[in-house]
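Please open the model in a viewer and keep the selection tool ready.

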Amino acid sequence: MVRRAPSPLLAGVVTDLVGYRELVPVHIRQNEAASLTVPLVISFGEPFAIGLSRTPGNSDRFASFASGLHAGPVVIESFGRSCCVQVNFTPLGARRFFGIPMCELADRVVTLDEVLGLAGNALQERLGQETGWRQRLDLVEGWIVERLVTTAPPAAEIAWAMAKIASSNGRIRIASIAGEIGCSRKHLAAQFADLVGIGPKAVARIVRFDRTARLARSAVGVDWADLAAECGYADQAHLVREFRELSGSTPTALLPKPG
């Protein structure tokens with residue numbers, strides 16, 4: 001795996017770029033918890049099997065694809081011969097890049113030609129002809145920069161709302177955000193559906209979960225009741241329910257294994 005930060009030209013649009021290749025023919029299954037990352041995967045190898053909040057079946061095979069936000073775990077299986085470039089977008093960056101309402105990608109895995117058409121297929125072919133990961137990442141990054149030249153940034157008030165949710169660790173009241181912007185909660189939800197894909201309350205849940213998981217992993221001996229109170233859950237049982245819904249696991253299952 002090769003991972004690198006994007007060019008400053010992609011600040012706020014892309015969080016990182018990854019080159020990934022499997023060298024051993026073995027079946028691997030991993031659960032990815034809900035996050036605020038919108039991935040674009042361009043493959044030159046075997047497809048992945050992907051299930052949203054479920055184990056994938058034989059019809060859930062995807063090689064090159066994009067996937068919107070999903071407030072639940074994603075189960076990914078690979079079979080030892082995957083090879084791809086992955087671009088991880090912010091939700092607002094994805095809206096600007098793909099140029100479609102993000103609700104059309106939310107809770108879905110969509111093939112490359114559905115979201116990028118012939119241009120995406122041409123990019124896949126060019127990337128497949130390259131042999132070095134640096135050249136591949138340079139190529140896809142340059143292609144994104146060129147595409148963004150003709151697109152406008154998202155509405156400033158929704159970027160502000162996303163920043164407020166993040167800075168409050170998911171604890172700010174959605175009504176307060178709507179009041180600050182000067183719109184109704186219904187209008188705010190519609191704006192989020194278009195530009196983010198899921199509602200502001202769901203975004204706040206994911207932000208709060210992510211912070212809680214990070215604090216738990218860095219703690220020595222976790223007091224779950226205290227952590228629940230610190231992170232804004234009603235009680236420990238509420239925290240456990242949220243972990244199960246957003247990651248498919250118990251809180252303790254996400255902690256680093258001893259040794």
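**Stops on the tour**

Begin by selecting Asn169, which sits in the loop between helix H4 (156–167) and helix H5 (174–181); helices (H or I, at least four residues) and strands (E, at least two) are DSSP runs, numbered from the N terminus. This is a predicted model, in which local features need pLDDT of at least 70 and side-chain atom pairs count only at pLDDT 80 or more, while totals for chains, interfaces and linings use all residues. Residues are numbered from 1 along each chain as its sequence is written, and side-chain values use heavy atoms, with hydrogens and water left out.

Although Asn169 is not a glycine, its phi is positive, at about 60°. Most residues other than glycine have a negative phi. Asn169 counts as partly exposed because its relative accessibility is 25%; buried means under 20% relative accessible area, exposed over 50%, and partly exposed in between (1.4 Å probe, protein chains only).

Next, select Asp107, in the loop between helix H1 (91–98) and strand S10 (109–111). Asp107, a residue other than glycine, also has a positive phi, near 60°. With a relative accessible area of 43%, Asp107 is partly exposed.

Finally, select His238 in helix H9 (residues 236–247). Is His238 buried or exposed? His238 counts as buried, because its relative accessibility is 18%. Display the neighbours: leaving aside residues up to four places away in sequence, His238 touches Arg208 and Tyr233, where contact means heavy atoms within 4.5 Å. Then show Ala234, whose backbone nitrogen is reached by the side chain of His238 at 3.0 Å.

Conventions:
A polar contact is a pair of N or O atoms within 3.5 Å; within protein, one must be able to donate a hydrogen and the other to accept it, and residues adjacent in sequence count only if both atoms are side-chain atoms.
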